[in-house]
Amino acid sequence: MPSGWREVMARRPWRISAKLLIISSVVTVIGFSAICVNVMLDMRRGEEALARQTLENLATSIESDIGRNIEIYDLSLRAVASNMLLPELATASKPVRHLILFDHATTARHFGAIQVYDAEGRLTIDASTLDPLPENRGEEDYFRVHRDDPGAGLFISRPMLFRGAYSIVLSRRISDTDGGFLGVVAGSIRFSYFHELFERLSLDPEDTITVLNHDRTIMMRRPFDLDVIGRNLNDRQSWKADNLRAGASYAGQGPVDTTPRLYVRSNGEGPLFVVAGKPLSAVFKLWRKEAYRIGAVVLALIVFMLASSLVLAREIGRRAEAERKLEELATTDALTGLKNRRKFDTVIDVEWRRAMRQKTPVALLMIDADHFKAYNDTCGHQAGDQVLVGIAICISDSVRRAGDCAARYGGEEFAVLLPDTPATEAFKIAETIRLKVQGWSDDQATSTVSCGIASLVPTAGMDWAVLVAAADKALYAAKAGGRNQSVVASLPKLSLVA
């Protein structure tokens, strides 16, 4: 790793920590939010499951009650249809005939009187009176169904106005011993039964209870609406039977109105089946309230956490900048702007070890201002400082690689460390520096520099002081040779060549 990069990394630990702090805060917020969202979704699913179970129990209970009453009423119809075949019935008086036919018939205030119609649809017997008024039901659906289909069994008609009250008509065929059609026995269950049944339930105003025949005709609905009663859902093109199978549930807009609801259908084992519905807004009302409360708390915590992270990151950034400036002051020569001796010793130690591992050459230039003391004494310290600054500028202009290290070694002496540089390249750089100083001094001062160059590949057991000593010897040789020149140390014998 180049020393320049290591210096950058060494200068930025707090900046990296600030970024990590922000990233970790964001990750924490995302993770915490994901957990909260998952918990809220689980709560929502729990609320939906609870509402579905409640509606399922409600629909099953209503279907069971309706099915039981229809079954009881159907037993009475069966008994009448069976007793109509008794031979003694033809000679019995009307009171006796009523006693035979309707002795075991179910009576309740919501059940209409059982009636018997002959093969032409004429009313012949009425459980409510001994002398019924003339009446013909030959054109009614329930009559025609039994006349045309011997196997129709119990037939439940569409909701209709029957004998002055809205009802559903239950009927059975009367057949002779050979299966011939003798007529129809019919009775009714008034809407008052359903009203009373629904009133016993604890329902919200927007909750719906729909009783349907297996052909999907609406027999009864709460809230009550005559425009809806008797409608067949098969006529609704936008609603498919597969949306709500027996024993299943459906969430969304239903076939009757536009209110989104959770609908649950009973198993449909009886003659009629029930669909219970509850608005989705009511199903998730408590959950939504809790979600808003928890969401507000979580949002406040997220805002607080992010704000705290940003404040801490800003403070960390300020501290990093302050440390960078302190480090720069501690490692930079105040006069020349180059690295100081302490920083140079640190860098050369690092580069020496790296070169030893990678078996690459390390070059060192030792540069000294010629006749500086005499110039300083003659022209003054300020003029001498200007000379040192000028030499530093020439060195900085000539040494541009990120891994190179130019430093003020002490007094008027400078050092330039050149990692991965052989002696020939180091000599060229030294000459570039010397010539720049010479060109600059012709206009500004009367100072030149002498350069000592040493380059070697470190081996185990060798210390970087060997390189410094070799460059120093080369510098002394340049001084002894007349100054303003560059001399390369010949290693390992450290012989000098100009």
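**Close-up 1. Arg44 and the ring of Phe284.** The charged end of Arg44 sits over the ring of Phe284, with 3.9 Å to the ring centre. The model shown in this and the other views is predicted. Phe284 counts as buried, at 4% relative accessibility.

Close-up 2. The structure holds eight aromatic pairs.

**Close-up 3. A cluster of rings around Tyr193 and Phe194.** Ring pairs link Tyr166, Phe191, Tyr193, Phe194 and Phe224 into a cluster. Two of its members, Tyr193 and Phe194, are described here by their accessibility. Tyr193 has 8% relative accessibility and therefore counts as buried. Phe194 is buried as well, with a relative accessible area of 1%.

**Close-up 4. Arg341 over Tyr409.** Arg341 lies over the face of Tyr409. The distance from Arg341 to the ring centre of Tyr409 is 3.9 Å.

**Close-up 5. The surroundings of Arg137.** Arg137 belongs to the loop between strand S2 (123-126) and helix H4 (141-148). With a relative accessible area of 12%, Arg137 is buried. When neighbours within four places in sequence are left aside, Arg137 is in contact with Tyr117, Gly121, Tyr142, Phe143, Phe162 and Arg163.

**Close-up 6. The salt bridge of Glu48 and Arg52 in helix H2.** The count of salt bridges in the structure comes to 30. In the one shown, Glu48 is joined to Arg52, and the closest N and O atoms are 3.0 Å apart. Glu48 and Arg52 are four residues apart in helix H2, so about one helical turn separates them. Arg52 is partly exposed, its relative accessible area being 27%.

**Close-up 7. The salt bridge of Asp118 and Arg122.** Asp118 forms a salt bridge with Arg122, in which the closest N and O atoms are 3.2 Å apart. Asp118 counts as buried, at 17% relative accessibility, whereas Arg122 is partly exposed, with a relative accessible area of 44%. The cut-off for buried is under 20%, so the value of 17% places Asp118 in that class.

**Close-up 8. The salt bridge of Arg318 and Glu315 in helix H7.** Arg318 and Glu315 form a salt bridge whose closest N and O atoms are 3.3 Å apart. Both residues lie in helix H7, three residues apart, which is about one turn of the helix. Arg318 counts as exposed because its relative accessibility is 51%; Glu315 is partly exposed, with a relative accessible area of 37%.

**Close-up 9. A nonpolar surface patch from helices H2 and H7.** Ile22, Val26, Ile30, Leu306 and Leu310 make a nonpolar surface patch of about 410 Å². Helix H2 (13-83) and helix H7 (285-331) each supply at least two residues of this patch. H2 gives the most, with three residues. Val26 is found in helix H2 and counts as partly exposed, at 37% relative accessibility.

Key
Residues are numbered from 1 along each chain as its sequence is written. This is a predicted model: local features need pLDDT of at least 70, side-chain atom pairs count only at pLDDT 80 or more; totals for chains, interfaces and linings use all residues. Side-chain values use heavy atoms; hydrogens and water are left out. Patches are made of residues with over 30% relative accessible area and no salt bridge: like charges are joined within 9 Å, nonpolar side chains (Val, Leu, Ile, Met, Phe, Trp, Tyr) within 5 Å. Accessible areas come from the Shrake-Rupley method with a 1.4 Å probe; for residues, only the protein chains shown count as cover. A salt bridge is a side-chain nitrogen of Lys or Arg within 4 Å of a carboxyl oxygen of Asp or Glu. Buried means under 20% relative accessible area, exposed over 50%, partly exposed in between (1.4 Å probe, protein chains only). Rings of Phe, Tyr and Trp (its six-membered ring) pair if their centres lie within 6.5 Å; planes under 30 degrees apart count as stacked, over 60 as edge-to-face and the rest as tilted. A charge sits over a ring if NZ of Lys or CZ of Arg is within 6 Å of the ring centre and within 35 degrees of the ring normal. Contact means heavy atoms within 4.5 Å.
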